[in-house]
Amino acid sequence: MQFKRLTALALATCCIAAVTPAIADTVQAPQGLDQSATLLLTDLPVFAPANGLAQSIIPDASTFTPKAAAATVASAQDAQEADAVDSDDDDDSLVAAATAKLAGHVDGHAREALLSFAMKLRDIRYHRGGRTPTAGFDCSGFVRYVFAKSIGLDLPTNSASQFLAGLSVKRTEMKTGDLVFFRTRGKAISHVGIYIDNGQFIHSPSAGKTVRVDSLNEAYWSKHFAGAKRPEGIAKI
């Protein structure tokens with residue numbers, strides 16, 4: 001008898017499970033339950049299968065396979081690496097261009113361009129500490145301005161520093177654009193100009209004078225001549 005009851009109960013359970021989806025919309029909570037119990041009962045998935053299914057969206061299993069996930073990660077990494085390579089290439093190109101220019105690989109006409117620019121500044125008045133045509137030039141300010149504006153080469157800010165930064169050049173081997181230095185006050189380097197050719201140089205001499213061309217053969221400049229230096233930026237041209 002007990003076995004028959006269990007069998008009947010199992011068959012009834014199966015039947016209820018089979019027909020629940022079809023009749024779920026018509027199922028009513030049993031009478032006699034209070035409001036809170038009714039709400040709890042109707043919230044159960046068996047009484048609201050549509051709501052339960054709506055909250056259980058099954059994703060496409062293929063998107064979660066190890067191979068697909070690895071491919072996605074690899075693709076993202078490749079894109080990032082490609083962007084990084086492009087960025088590095090751009091940076092390397094800019095650095096290489098700047099380095100080449102400062103190392104002396106400037107255009108072969110750089111010396112001529114430098115001299116032509118310097119000659120256009122003749123007659124600008126001397127001004128101690130001057131660094132621009134408007135303010136006037138002292139000797140090192142003139143030299144530094146010419147190199148920076150004509151060929152983009154930065155030189156030290158005073159004649160003594162410019163002397164130390166250059167490469168020594170014999171007087172017989174001087175070229176256009178080399179720097180000529182003088183000791184006009186004691187033993188220290190105190191004046192600088194830009195060599196032109198044939199013993200001539202252009203410079204900003206002293207207070208009350210203007211940018212002009214003078215000769216190394218003149219007694220005063222010959223007596224105070226300290227040597228010539230070639231800025232590293234034009235050493236190979």
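What share of the contacts in the protein chain with a separation of 6 or more comes from residues 24 or more positions apart? I looked this up before anything else. The share is 53%. I keep in mind that this is a predicted model.

**Entry: the chain as a whole**

I went through the secondary structure next. The protein chain has eight helices and eight strands. I then checked burial. Of the 237 residues, 29% are buried.

**Entry: salt bridges**

I listed the salt bridges and found four in the structure. I followed up on some of them.

I took R111 and D178 to begin with. They form a salt bridge, with the closest N and O atoms 3.5 Å apart. I placed both ends: R111 is in helix α5 (residues 110-119), and D178 is in the loop between β3 (167-169) and β4 (179-182), so this bridge ties together parts that are 67 residues apart in sequence.

Are R111 and D178 buried or exposed? I checked each one. R111 has a relative accessible area of 8%, which makes it buried. D178 is buried too, at 0% relative accessibility. The cut-off I used for buried is under 20%.

D178 turned up again with R230. Their side chains meet in a salt bridge at 2.8 Å, N to O. R230 sits in strand β8 (residues 225-230) and D178 in the loop between β3 and β4, so the pair links parts that are 52 residues apart in sequence. I noted that R230 is buried, as is D178.

I also looked at D214 and R212. Their side chains form a salt bridge, 2.9 Å from N to O. D214 is buried, with a relative accessible area of 8%. R212 is partly exposed, at 30% relative accessibility.

Which residues do salt bridges with shared partners join into one network? I wrote down R111, D178 and R230.

**Entry: the largest pocket**

I turned to empty space. Rolling a probe the size of a water molecule over the atoms shows where such space is left. The largest pocket holds about 330 Å³. I counted 19 residues in its lining. Closest to the centre are Y126, C139, R185, S190 and H191.

Which helices each supply at least two residues of this lining? I found α6 (139-151) and α8 (219-224). I sorted the lining by residue type as well. It has seven nonpolar, eight polar and four charged residues.

**Entry: Y126**

Y126 lies in the loop between α5 and β1 (131-132). Its relative accessibility is 19%, and it counts as buried because the cut-off is under 20%.

What does Y126 touch, leaving aside its neighbours within four places in sequence? I listed F137, D138 and C139 among its contacts. S204, P205, S206, A207, K209 and T210 are also in contact with Y126.

The C-alpha atoms of Y126 and T210 are separated by 5.2 Å. The two residues are 84 residues apart along the chain.

Note on methods. Residues are numbered from 1 along each chain as its sequence is written. This is a predicted model: local features need pLDDT of at least 70, side-chain atom pairs count only at pLDDT 80 or more; totals for chains, interfaces and linings use all residues. Side-chain values use heavy atoms; hydrogens and water are left out. On a 1 Å grid over the protein atoms alone, a cavity is a set of points where a 1.4 Å probe fits but cannot get out, and a pocket is an open set with protein on both sides within 12 Å along at least five of seven lines; lining residues have an atom within 4 Å of a point. Grid points are joined across faces, edges and corners, and a volume is the space filled by probe spheres set on the points. Helices (H or I, at least four residues) and strands (E, at least two) are DSSP runs, numbered from the N terminus. Ala, Val, Leu, Ile, Met, Phe, Trp, Tyr, Cys and Pro count as nonpolar, Asp, Glu, Lys and Arg as charged, and the others, Gly among them, as polar. Buried means under 20% relative accessible area, exposed over 50%, partly exposed in between (1.4 Å probe, protein chains only). Contact means heavy atoms within 4.5 Å.
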